[in-house]
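These are my notebook entries on one protein structure. I set down what I looked up, entry by entry.

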Amino acid sequence: MFEPCGLTQMISMRYGAIPVVRQTGGLRDTVFDVDHDKDRGAWEIHGATDAKEPGMDGTNGFSFEGTDEASLDYALNRAIDSWYNSREWFRGLQRRAMEQDWSWNKPALDYIELYYSAIRS
């Protein structure tokens with residue numbers, strides 16, 4: 001399946017709009033499903049191996065795998081249900097997504113460290 005853009009979801013999260021995406025390409029790399037990607041989200045966002053530790057929840061949206069209507073419907077229903085029935089939890093999800101740093105700051109520091117370690121070797 002085609003991924004039209006890999007930035008829109010990051011821009012939307014910065015403003016508190018929770019993404020609902022198909023798991024493909026950069027969308028899968030940046031959107032961690034609240035029900036299915038807790039461990040992956042904790043690792044990618046916090047570098048934590050245990051998503052159950054306080055403050056280690058890195059989930060930030062809703063995703064689906066299939067290319068059919070039912071898959072999209074499942075993800076949308078979960079998002080809408082969360083918004084209607086768990087408003088306080090949903091606000092926390094928005095806050096969490098807005099606080100995630102998708103800038104080049106950390107990767108740039110990682111590359112600088114790699115460069116200096118290569119020079120020292």
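Which backbone oxygen lies 3.0 Å from a polar atom of the side chain of Gln100? I found that it is the backbone oxygen of Gly58.

**Entry 1: the model.** I note that this is a predicted model, in which local features need pLDDT of at least 70 and side-chain atom pairs count only at pLDDT 80 or more, while totals for chains, interfaces and linings use all residues. Residues are numbered from 1 along each chain as its sequence is written, and side-chain values use heavy atoms, with hydrogens and water left out.

**Entry 2: the chain.** I counted six helices and two strands in the protein chain; these are DSSP runs, helices being H or I with at least four residues and strands E with at least two, numbered from the N terminus. I read their order from the N terminus as α-β-α-α-β-α-α-α. Along its principal axes, the C-alpha trace spans about 55 × 35 × 25 Å. Of the 121 residues, 35% are buried, that is, under 20% relative accessible area with a 1.4 Å probe and protein chains only.

**Entry 3: Gln100.** I located Gln100 in the loop between helix H5 (87-99) and H6. Why does Gln100 count as buried? It does so because its relative accessibility is 5%. Its side chain also makes a polar contact (a pair of N or O atoms within 3.5 Å; within protein, one must be able to donate a hydrogen and the other to accept it, and residues adjacent in sequence count only if both atoms are side-chain atoms) with the side chain of Asn60, at 2.7 Å. Leaving aside neighbours within four places in sequence, I listed the residues in contact with Gln100 (heavy atoms within 4.5 Å): Met13, Arg14, Ile45, Gly58, Thr59 and Asn60.

**Entry 4: helix H3.** I recorded Arg40, Gly41 and Ala42 as the buried residues of H3, and these pack against helix H2 (25-30). After H3 comes Gly47, with a positive phi near 70°.

**Entry 5: the largest pocket.** Helices H1 (8-14), H3 (38-46) and H6 (105-120) each supply at least two lining residues.

Technical notes: Buried means under 20% relative accessible area, exposed over 50%, partly exposed in between (1.4 Å probe, protein chains only).
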